[in-house]
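Q: I have a structure open and would like to go through it piece by piece. Could you start with the helix that I ask about once it is on screen?

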Amino acid sequence: LSRPTGRLLGRESVAWFALVLSLLLTLGLWRYSEADYAARSSDRFAYRVERQRIELQSRMLDYEQILRGASAFFAASGVVSREEWRTYFQTLQLDRYLPGVQGTGFALMLPAGQREAHEAAVRAEGFPEYAIHPAGDREILSAVLYIEPFSEQTRQVLGYDMYSEPVRREAMNRARDSGEAALSGKLVLTQNTGEARLPGFLIYLPIYRKGLPLKTVDERRLALLGFVYSRFRADELMRGIFKDSRGGDTEVEIFDGAPTPENLLFASERTLRVARHLNEQPVSTAGHTWTVRFRSSPDFEAATHSDQPKLILAGGVILDLLFFAMLYMHARHHRRMTAVADELEERRKRFEALVENVPGMVFQAEPAFPWPLRHVSRGIEALTGETISGFMSGEGTLAQLVHPDDLPYVSNAIAEAIARRETYQIEYRVKGDGLWVSERGRASFDE
């Protein structure tokens with residue numbers, strides 16, 4: 001590292017700054033990862049919801065198309081007998097290809113004055129107990145004339161005046177005036193009497209008398225013959241639809257209009273739970289709107305759950321702390337080393353100041369002859385008359401200073417002091433003027 005970089009990393013504040021910055025980056029990455037996984041899970045759930053919404057609408061259009069086929073049957077035949085109606089629906093095999101329909105029938109509309117004649121005609125067909133019900137005088141009557149599949153359970157529906165019931169009447173009026181299929185609101189089907197009161201609904205399609213004009217609402221009202229209709233038990237129908245469209249990913253609630261408890265038409269689960277994903281979709285079919293609420297199922301949430309964001313957070317925090325610890329320890333070590341270096345520098349300066357002010361000469365030399373000089377004080381200039389630079393070049397030795405006659409004595413004294421690891425004190429002459437000097441020294445040893 002360069003010296004400025006080293007000084008920068010030697011500050012503890014840098015370690016704290018790096019910790020804060022790295023933690024912020026880790027938190028940002030964690031939040032991004034969480035948001036990314038949530039978005040992908042939400043998109044996947046939205047795709048599931050859209051598939052099921054389309055499946056629901058498609059299935060309801062299929063049922064509507066069945067009624068249009070029955071309407072075409074009336075339009076082609078003019079008069080449809082009971083046996084022809086039975087044959088037509090047995091041929092369709094709805095139980096096999098479009099399960100969920102509880103029954104499909106034809107309801108005749110007639111004024112109150114034709115009641116007795118109508119009842120007598122139907123009784124003559126082999127239904128001696130036939131009567132329009134519920135009893136009571138009403139201006140306009142309807143009577144279920146045909147119903148398939150025909151059974152003891154559905155037999156009691158014959159003669160039922162659906163127009164007498166407000167929910168059914170609203171759908172019948174809407175179908176009559178528009179000429180299109182109309183889906184009723186939530187109701188309890190007549191044949192469910194004595195059974196669990198499960199909600200259901202009906203779809204009506206108007207049948208007009210052949211050859212009459214149908215351009216205006218008034219014309220359609222005058223031409224109305226009756227209605228073909230299908231009835232559905234919501235729970236049975238919806239479970240079949242959503243089972244076919246991978247309903248395991250979602251929990252479904254269907255409300256007749258606003259999503260309130262009293263409007264609940266179908267719920268795939270008995271108990272409600274707080275789901276990670278919630279999506280409400282309006283679904284319009286046959287002029288009526290349901291609110292479909294989709295919740296993500298536990299299986300879907302488990303399949304789309306990931307621990308990766310948590311691992312990113314935990315791993316990032318651990319790495320951030322390790323990096324902080326490394327920088328912090330480096331900063332503390334650098335601070336201690338700087339303090340030691342400053343102290344050594346101060347000692348060196350004090351030592352040099354002391355050495356330079358000591359009378360005579362202070363030096364350091366190699367232990368082996370001729371004792372090359374490592375360091376020498378400026379006192380050597382006064383002693384020899386030569387500059388200190390000549391001796392500090394690395395070529396100067398102590399032997400060069402000693403008079404040749406005293407060199408053996410000096411050599412023996414130094415060698416003996418090294419061997420004994422003791423200090424020595426000797427006196428000898430220096431070259432040149434033959435000045436006598438007194439030298440005190442000691443040897444230094446490493447490990």
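A: Helix H2 has 66 residues and spans 97 Å from its first C-alpha to its last, close to the 98 Å expected at 1.5 Å a residue; the expected span is 1.5 Å times one less than the number of residues. Helices (H or I, at least four residues) and strands (E, at least two) are DSSP runs numbered from the N terminus.

Q: And what should I know about the model itself before we go on?
A: This is a predicted model, in which local features need pLDDT of at least 70 and side-chain atom pairs count only at pLDDT 80 or more, while totals for chains, interfaces and linings use all residues. Residues are numbered from 1 along each chain as its sequence is written, and side-chain values use heavy atoms, with hydrogens and water left out.

Q: Back in H2, is Phe17 buried or exposed?
A: Phe17, which sits in helix H2 (residues 12–77), counts as exposed because its relative accessibility is 58%. Buried means under 20% relative accessible area, exposed means over 50%, and partly exposed is in between (1.4 Å probe, protein chains only).

Q: Which salt bridge does Arg53 form?
A: Arg53 pairs with Glu50, and their closest N and O atoms are 2.5 Å apart; a salt bridge here is a side-chain nitrogen of Lys or Arg within 4 Å of a carboxyl oxygen of Asp or Glu. Both residues lie in helix H2, three residues apart, which is about one turn of the helix. Arg53 counts as buried at 17% relative accessibility, whereas Glu50 is partly exposed at 31%.

Q: Why does a spacing of three or four places matter in a helix?
A: An α-helix has 3.6 residues a turn, so residues three or four places apart point the same way.

Q: How many salt bridges are there by that rule?
A: The count comes to 27 salt bridges. One of them joins Arg138 to Asp161, with the closest N and O atoms 2.7 Å apart. That pair links distant parts of the chain, since Arg138 is in the loop between helix H5 (115–124) and strand S2 (140–148), and Asp161 is in the loop between helix H6 (152–155) and helix H7 (166–178), 23 residues apart. Asp161 counts as buried, at 0% relative accessibility.

Q: What about Glu301 and Arg273?
A: Their side chains meet in a salt bridge of 3.1 Å, N to O. Glu301 lies in helix H10 (residues 298–303) and Arg273 in the loop between strand S8 (264–267) and strand S9 (278–285), so the pair ties together parts that are 28 residues apart in sequence. Glu301 counts as buried at 11% relative accessibility, while Arg273 is partly exposed at 24%.

Q: Which polar contact joins the side chains of Ser296 and Glu301?
A: Those two side chains are joined by a polar contact of 2.6 Å, where a polar contact is a pair of N or O atoms within 3.5 Å; within protein, one must be able to donate a hydrogen and the other to accept it, and residues adjacent in sequence count only if both atoms are side-chain atoms. Ser296 lies in strand S10 (residues 288–296) and is buried, with a relative accessible area of 0%. A polar atom of the Ser296 side chain also lies 3.0 Å from the backbone nitrogen of His277.
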